[in-house]
Amino acid sequence: MKILVTGPHLSGKSTLIQQLVKGNVISVEVDGATVGLDHGIAEVLGIPIRLFGTPGLARFKTLRRILSEGADGLLFVVDASNPDDDAEARYIWTEISDMMPTVPCIITANKLDLRKARAPDRLRDDLSFMVGIPVIPTSALEGVNVERVLASIVMLVVYEWSPLLRAFEEAGGKGFAALTKRLGIKEKKLRSYLRWFELRKMVAIDWEKGIVKLPSGITKLLGQSV
Ligand SMILES: Nc1nc2c(ncn2[C@@H]2O[C@H](COP(=O)(O)OP(=O)(O)O)[C@@H](O)[C@H]2O)c(=O)[nH]1
Ligand SMILES: [Mg+2]
């Protein structure tokens, strides 16, 4: 699974990714500002989650576009303590929601440890684009709520794909024919779906026997998403 971490410059994206991948991160920076990207692999219930942090400066739009390709979910990091950055947050939001209009998203109201940090409701008043999107307050610096943010976005992505994943869970052991029948699609289409999920490590496939299994973490998350 691939998750894009974006938001304005200095909102805490790199810090958040560092926390989530426990230091195993590749960063490209100059004077502490990410110019290229942050990348690391986190884990939720044994499912590897590839995190890609983008640069937050307006001029890095092309890089954000490239990094957004194939992303299954979005974490949008806002500095809750700094209203001066709201305009930039709006700008990046407009750009990214244009690039990936349909992927599941969570907003983190970061820097909650600072006295000036706005509570999620206050932040919603200031940033109207947040309407209808789940917000989780975090302190990336102190590691508060960071695991919850990751678990929540993974949950949303699994929920997004739950009709297909449920079909794989229920009929995956009976061969591809059972799945094509159940889903009402041709085998070629089924195979392309399966390759897509396999690439994201959301299914395990025995291509010769035509057996599809879900990793235990996915089964668990499916059980929680009713
Ligand atoms: N107080 C506080 N500072 C933070 C938090 N997250 C990040 N920072 C600081 O904010 C600055 C920018 O963070 P960074 O992760 O580099 O931001 P990025 O540009 O979005 O990648 C750094 O000095 C961080 O230490 C937080 O939750 N609380
Ligand atoms: Mg950074």
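**Figure 1. Lys-111 lies in the loop between β6 (105–110) and α4 (120–126).** The structure is a predicted model, in which local features need pLDDT of at least 70, side-chain atom pairs count only at pLDDT 80 or more, and totals for chains, interfaces and linings use all residues. Residues are numbered from 1 along each chain as its sequence is written, while chains are lettered from A and ligands numbered from 1 in the order in which they are written. Helices (H or I, at least four residues) and strands (E, at least two) are DSSP runs, numbered from the N terminus. The phi angle of Lys-111 is near 70°, a positive value in a residue other than glycine. Lys-111 is buried, with 25 other C-beta atoms within 10 Å. A residue is termed buried if 20 or more other C-beta atoms lie within 10 Å of its own, exposed if 12 or fewer, and partly exposed in between, with C-beta atoms placed from the backbone.

**Figure 2. Leu-45 occupies the loop between β3 (33–44) and β4.** Leu-45 has a phi near 50°, which is a positive value in a residue other than glycine. With 14 other C-beta atoms within 10 Å, Leu-45 is partly exposed.

**Figure 3. Strand β5 (residues 73–79) pairs with β1 and with β6.** Two strands are said to pair if DSSP finds at least two bridges between them. The pairing of β5 with β6 is parallel and runs over 6 bridges; in β6, Cys-105 is the bridge partner of Leu-74. Of the 7 residues of β5, 7 are buried, so this strand is largely enclosed by the rest of the structure. In a regular strand, side chains alternate between the two faces of the sheet. Both faces of β5 are covered, with Gly-73, Leu-75, Val-77 and Asp-79 buried on one side and Leu-74, Phe-76 and Val-78 buried on the other.

**Figure 4. Strand β1 (residues 2–6) is mostly covered, 4 of its 5 residues being buried.** β1 pairs with β4 (residues 47–53) in the parallel sense over 4 bridges, and Ile-3 stands opposite Leu-51 of β4. β1 also pairs with β5 in the parallel sense, over 4 bridges. Here Val-5 has Leu-75 of β5 as its bridge partner, and Thr-6 stands opposite Phe-76 of β5.

**Figure 5. The shell around ligand 1 draws 3 residues from helix α1 (residues 13–20), which gives the most.** A residue is near a molecule if its C-beta atom, placed from the backbone, lies within 6 Å of it. There are 16 residues around ligand 1, of which Gly-12, Lys-13, Ser-14, Thr-15 and Leu-141 come nearest. The shell divides into 4 nonpolar, 9 polar and 3 charged residues. In this division Ala, Val, Leu, Ile, Met, Phe, Trp, Tyr, Cys and Pro count as nonpolar, Asp, Glu, Lys and Arg as charged, and the others, Gly among them, as polar.

**Figure 6. Helix α1 is mostly covered, with 8 of its 8 residues buried.** The buried residues of α1 are Lys-13, Ser-14, Thr-15, Leu-16, Ile-17, Gln-18, Gln-19 and Leu-20. Just after α1, Lys-22 adopts a positive phi of about 55°.

**Figure 7. Domain 1 (2–159) and domain 2 (161–224) make up the domain assignment of the protein.** The bounds come from an automatic or database domain assignment. The centres of domain 1 and domain 2, taken over C-alpha atoms, are separated by 30 Å. Between the two, 11 residues of domain 1 are in contact with 13 residues of domain 2; contact requires C-beta atoms, placed from the backbone, to lie within 7 Å. On the side of domain 1 that touches domain 2, β4 and α5 (146–160) each supply at least two residues. The largest share of that side, 5 residues, comes from α5. This side of domain 1 divides into 9 nonpolar, 1 polar and 1 charged residue.

**Figure 8. The protein as a whole comprises 9 helices and 9 strands.** Its radius of gyration is 19 Å, close to the 17 Å that the globule rule gives for 226 residues, so the protein is as compact as a globular protein of that length. The radius is taken over C-alpha atoms, and the rule is 2.2 Å times the number of residues to the power 0.38. Along the principal axes, the C-alpha atoms fill a box of roughly 55 × 35 × 30 Å. Buried residues account for 39% of the 226 residues. Of the contacts with a separation of 6 or more, 68% are between residues 24 or more positions apart.
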